[in-house]
Amino acid sequence: LALAEPELDACVIYYGRIPTTDPERLRAIRAPVCGIFATRDPSIPNASVDALEQGLAAAGVEHEVHRFDAEHAFANPSGKRYASQEAAAAWEKARAFLEAHLR
């Protein structure tokens with residue numbers, strides 16, 4: 001959504017698919033971005049998260065990326081990979097980010 005909606009005030013991506021790491025495409029993002037990722041997520045490898053961070057920096061997009069020692073979907077309490085401590089820490093990061101950018 002952040003790529004397509006220039007009026008967005010803030011964006012949080014929770015271990016979601018990374019649509020691009022190309023700085024030229026990422027320049028379309030006007031909102032600050034907060035990324036929440038798991039270090040043991042085979043569907044979103046650490047190298048992809050690294051590339052996203054580098055792309056956002058090169059594009060001049062305000063961002064912060066947080067990584068948690070967990071598996072994909074670690075913040076889903078109904079899932080078998082739920083990690084309560086990591087989920088709570090991720091939620092605090094997301095809430096603080098949104099509070100800072102939406103007030």
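The legends below describe close-up views of a predicted model.

The 3 strands form an open sheet in the order 1-2-3, with parallel pairing. Strand 1 and strand 3 are the edge strands, each pairing on one side only. From one strand to the next, the twist averages 10 degrees. Strands of a sheet pair through backbone hydrogen bonds, in either a parallel or an antiparallel manner.

**View B. Pairing of strand 2 with strand 3.**
Strand 2 and strand 3 are joined over 6 bridges in the parallel sense. Within this view, Cys34 stands opposite Glu64, a residue of strand 3. Cys34 has a relative accessible area of 0% and is therefore buried.

**View C. Helix 2 against the sheet.**
Helix 2, comprising residues 46–59, lies across strand 2 and strand 3. The helix runs at about 165 degrees to strand 3.

**View D. Helix 3 and its span.**
Helix 3 covers residues 84–102 and contains 19 residues. At 1.5 Å a residue, the helix should span 27 Å; the end C-alpha atoms are 26 Å apart, which agrees with that expectation.

**View E. The buried and exposed sides of helix 3.**
Ala87, Ala90, Ala94 and Phe97 are the residues shown as buried in helix 3. Seen down the helix axis, the buried residues fall within an arc of 95 degrees, so they line one face of helix 3. Gln85 and Ala100, on the other side of the helix, are exposed.

**View F. Packing of helix 3 on the strands.**
The buried residues of helix 3 pack against strand 1 (11–14), strand 2 (33–38) and strand 3 (63–68).

**View G. The cysteines Cys11 and Cys34.**
The structure holds 0 disulfides. Cys11 is in no disulfide, and the nearest cysteine sulfur, that of Cys34, is 8.8 Å away. Cys34 is likewise in no disulfide, its nearest cysteine sulfur being that of Cys11. Cys11 counts as buried because its relative accessibility is 17%, and the cut-off for a buried residue is under 20%. Cys34 is also buried, at 0%.

Methods:
Residues are numbered from 1 along each chain as its sequence is written. This is a predicted model: local features need pLDDT of at least 70, side-chain atom pairs count only at pLDDT 80 or more; totals for chains, interfaces and linings use all residues. Side-chain values use heavy atoms; hydrogens and water are left out. Helices (H or I, at least four residues) and strands (E, at least two) are DSSP runs, numbered from the N terminus. The expected span of a helix is 1.5 Å times one less than its number of residues. Buried means under 20% relative accessible area, exposed over 50%, partly exposed in between (1.4 Å probe, protein chains only). The arc is that of the directions from the helix axis to the C-beta atoms. Contact means heavy atoms within 4.5 Å. Two strands pair if DSSP finds at least two bridges between them. Axes are lines fitted to C-alpha atoms, for helices over the stretch in contact, and angles run from 0 to 180 degrees between N-to-C directions. A disulfide is a pair of cysteine sulfur atoms within 2.5 Å.
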